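This report covers a sheet, the aromatic ring pairs and the contacts between charges and rings. The sequence and structure come first.

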Amino acid sequence: MMTNKRRGATPDTPQKQPALPILDLRDFQRTDQRQTFLANLRQAARDVGFFYLIGHGVNDTLIQQIWQVSRRFFALPQAEKNAISMANSPHFRGYTQLGRELTRGVPDRREQIDIGAELPALELSSKDPAWMRLQGPNQWPSRLPELREVTLEWSATLRSVAISLLHAFSVALEQPETALDGLINKAPAQLLKLIRYPGSHQAHERQGVGPHKDAGILTLLLQDDHPGLQVEKNGEWLDVPPIPGALVVNIGEILELATNGYLRATLHRVLVPDAGVTRYSIGYFLSPSLEGSVPLLPLPEHLAKDALGPESDPDNPLFRDIGPNALKGRLRSHPDVTERFYPEFLP
């Protein structure tokens with residue numbers, strides 16, 4: 001069900017009309033609502049590429065736990081956060097200080113911790129491709145052991161929601177429900193980001209995250225009470241205000257490639273709040289397994305005629321080979337990791 005209902009006390013009854021559609025994932029399994037849900041899903045993904053998701057089944061207790069552990073992590077002494085700096089990890093896992101991640105070469109005003117699938121590092125030789133170094137363990141703060149338990153449970157739960165959505169997208173495109181499962185059926189390469197945006201009145205510090213498209217398959221975002229997320233539509237920036245209990249979903253460039261541009265990843269950004277206000281968010285990124293390449297779905301003619309081909313950005317070209325595509329984005333965003341562990345890619 002895609003709706004613009006008035007907002008009340010629950011995420012199923014929002015108070016004011018949002019700029020994005022609201023979809024209820026439960027409708028995918030309801031015989032009388034399934035076709036309407038699929039049509040609305042297809043429209044939302046083509047119209048703006050973002051939507052609110054309710055009926056996702058993530059329980060309130062886990063939502064409260066992830067918020068609590070996130071705030072506790074960022075409240076740790078700076079030295080303890082720095083001890084698990086991403087600059088220590090060839091797998092791009094760990095803590096990033098304020099201003100140390102770049103979007104299109106400009107520092108973002110946020111601090112964060114990146115947590116991937118908890119997997120061992122591969123035993124590699126100098127002949128193995130560099131992207132294979134992306135697999136590996138996470139870094140965990142010694143004083144906050146519950147961070148590991150809660151975030152890994154959150155990642156597993158959101159992965160299940162994201163895969164249900166991926167299946168819904170496949171059916172909406174008149175493909176078998178499992179048509180895209182080949183992207184995710186090897187070692188998982190998902191990513192979880194806990195993010196803190198401290199406010200500022202300075203004009204040059206308003207970029208929480210600069211304009212970008214997500215490189216993966218699907219992103220599921222949990223926002224706190226403070227606005228800041230914006231999505232580009234027809235040359236204008238639309239606010240994406242929080243709706244309690246709802247996840248914000250957007251498609252990534254992998255789905256754009258797989259559908260020859262029928263589905264399109266959308267530019268979005270985050271503006272930091274005013275000074276004295278702190279914004280938190282939690283982003284889960286369903287990414288394809290690093291092995292293999294992105295398939296091209298055989299869309300039926302009535303859909304294929306509207307596929308415009310994936311957008312081409314000369315500063316950020318898309319590769320169908322998944323591993324090189326994933327490594328490219330990480331190298332651009334984290335020059336300190338690149339310098340230490342991937343010097344062969346320095347200009």
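## Pairing of S9 and S14

The model is predicted. Strand S14, residues 268–271, pairs with S9 in the antiparallel sense, and three bridges join the two. Within this pairing, Val209 has Val270 of S14 as its bridge partner.

## The four-stranded sheet

S9 and S14 belong to an open sheet of four strands, whose order is S9-S14-S11-S12 and whose pairing is antiparallel. The edge positions are taken by S9 (207–212) and S12 (236–239); each has a single partner strand, so one side of each is without a neighbour in the sheet. From one strand to the next, the twist averages 30°.

## Aromatic pairs around Tyr342

Six aromatic pairs are found in a search of the whole structure. One of them joins Phe92 and Tyr342, with 5.6 Å between the centres and 25° between the planes. This pair counts as stacked, because planes under 30 degrees apart are classed that way.

Phe92 is located in the loop between helix H3 (78–82) and strand S4 (94–96), while Tyr342 is in the segment after helix H8 (335–341). The pair therefore ties together parts that lie 250 residues apart in sequence. Phe92 is buried, at a relative accessible area of 0%, and Tyr342 is buried as well, also at 0%.

Tyr342 has a further ring partner, Phe345. Here the centres are 6.4 Å apart and the planes make an angle of 50°, which gives a tilted pair. The distance falls within the 6.5 Å cut-off for a ring pair.

## Ring cluster and charges over rings

Phe73, Phe74, Tyr95 and Tyr280 are linked by ring pairs into a cluster. One member of this cluster, Tyr280, also has a charged group over its ring: the charged end of Arg71 sits there, 4.6 Å from the ring centre.

Another contact of this kind involves Arg46 and Tyr262. The charged end of Arg46 is placed over the ring of Tyr262, at 4.2 Å from the ring centre.

Conventions. Residues numbered from 1 in each chain as written. Predicted model: local features only at pLDDT ≥ 70, side-chain atom pairs only at ≥ 80, totals over all residues. Heavy atoms only, no water. Pairing = 2+ DSSP bridges. Axes fitted to C-alpha atoms, helices over the stretch in contact; angles between N-to-C directions. Phe/Tyr/Trp six-rings, centres within 6.5 Å; stacked < 30°, edge-to-face > 60°. Buried < 20%, exposed > 50% of the residue type's maximum accessible area, 1.4 Å probe, protein only. Lys NZ or Arg CZ within 6 Å of the ring centre and 35° of its normal.
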